[in-house]
There are 2 protein chains.
Amino acid sequence: MTQADSDTALLDEVAWNSDGLVPAIAQDAKTGRILMMAWMNRESLALTIDEKRAVYWSRSRGKLWRKGESSGHVQQVREMRLDCDGDTVLLLVEQLGGIACHTGRTSCFYRVLDGGEWRTNQPVIKDPETIYE
Amino acid sequence: MTQADSDTALLDEVAWNSDGLVPAIAQDAKTGRILMMAWMNRESLALTIDEKRAVYWSRSRGKLWRKGESSGHVQQVREMRLDCDGDTVLLLVEQLGGIACHTGRTSCFYRVLDGGEWRTNQPVIKDPETIYE
């Protein structure tokens, strides 16, 4: 089996949704913190495997999104997992810059349910204005 | 503001998809291990908040799914988080029985990408035949 055949086989095991996408969870490989959830299409998953960095599919922009391409906040992929029914991917990553969120926070999950409200409980590490210069 | 108003407000902050669903990630509150990803509709999220246990929406069965209702593998919710754009929920849970997956494993993410294949690297703790008696 060639490398290309092997890639095709493992991509075929993913249960792509009707839009040809699969959700991908990024978790910090060292701290276990969940950083974000984004989407991948077949091409972006193949690129993530080949380049060992997270490449998502931006649904809003309708194009490939090499995480960190403008911010430098690249996610280097240490391990990839697939769940039992093949419809969710998990990436264990090293988050360069320690910032995954476009708001300048470590994680996108910075709102916690508290007293009937979603309360922000993570500081902004870097002003988003200066992230995307 | 009454409790019902408060609940409505926090549910309105969720960016429900076109099917009225949001993905929910369950993470073990102690170990940090990601256990599973499932979906919630508005009612299941409200019930999860009220009952402090994970209640999902089963897309395949088209009905509410009180996690653990037949297996006993209830997820007691310790904390709930919402991401920056409101389209993913994170639950920090205590997984009763230590088994989240219907295959009898701790986590649904038991396949790891290794040498061009998704290889199973988590043991079955309990025979699934005996989980759902």
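Is A:Gln27 buried or exposed, and what is its relative accessible area? In this predicted model, local features need pLDDT of at least 70 and side-chain atom pairs count only at pLDDT 80 or more, while totals for chains, interfaces and linings use all residues. Residues are numbered from 1 along each chain as its sequence is written, and chains are lettered from A in the order in which they are written.

A:Gln27 is buried, with a relative accessible area of 6%, where buried means under 20% with a 1.4 Å probe and protein chains only. This residue belongs to strand 1 of chain A, residues 21–28, a strand being a DSSP run (E) of at least two residues, numbered from the N terminus. Leaving aside neighbours within four places in sequence, A:Gln27 is in contact (heavy atoms within 4.5 Å) with residues of its own chain, including A:Gly32, A:Ile34 and A:Leu91, and with B:Gln27, B:Gly32 and B:Ile34.

Chain B can be laid on chain A with an RMSD of 0.0 Å by a turn of 180° and a shift of 0.0 Å along the axis, the superposition being by least squares on the C-alpha atoms of residues with pLDDT of at least 70 in both. That is the relation of a two-fold axis, and in chain B the C-alpha nearest this axis, at 2.7 Å, is that of B:Gly32. The same surface serves both copies, since 100% of the contact residues of chain B recur in chain A.

Methods: Heavy atoms only, no water. Helix = DSSP H or I, 4+ residues; strand = E, 2+ residues; numbered from the N terminus. Buried < 20%, exposed > 50% of the residue type's maximum accessible area, 1.4 Å probe, protein only.
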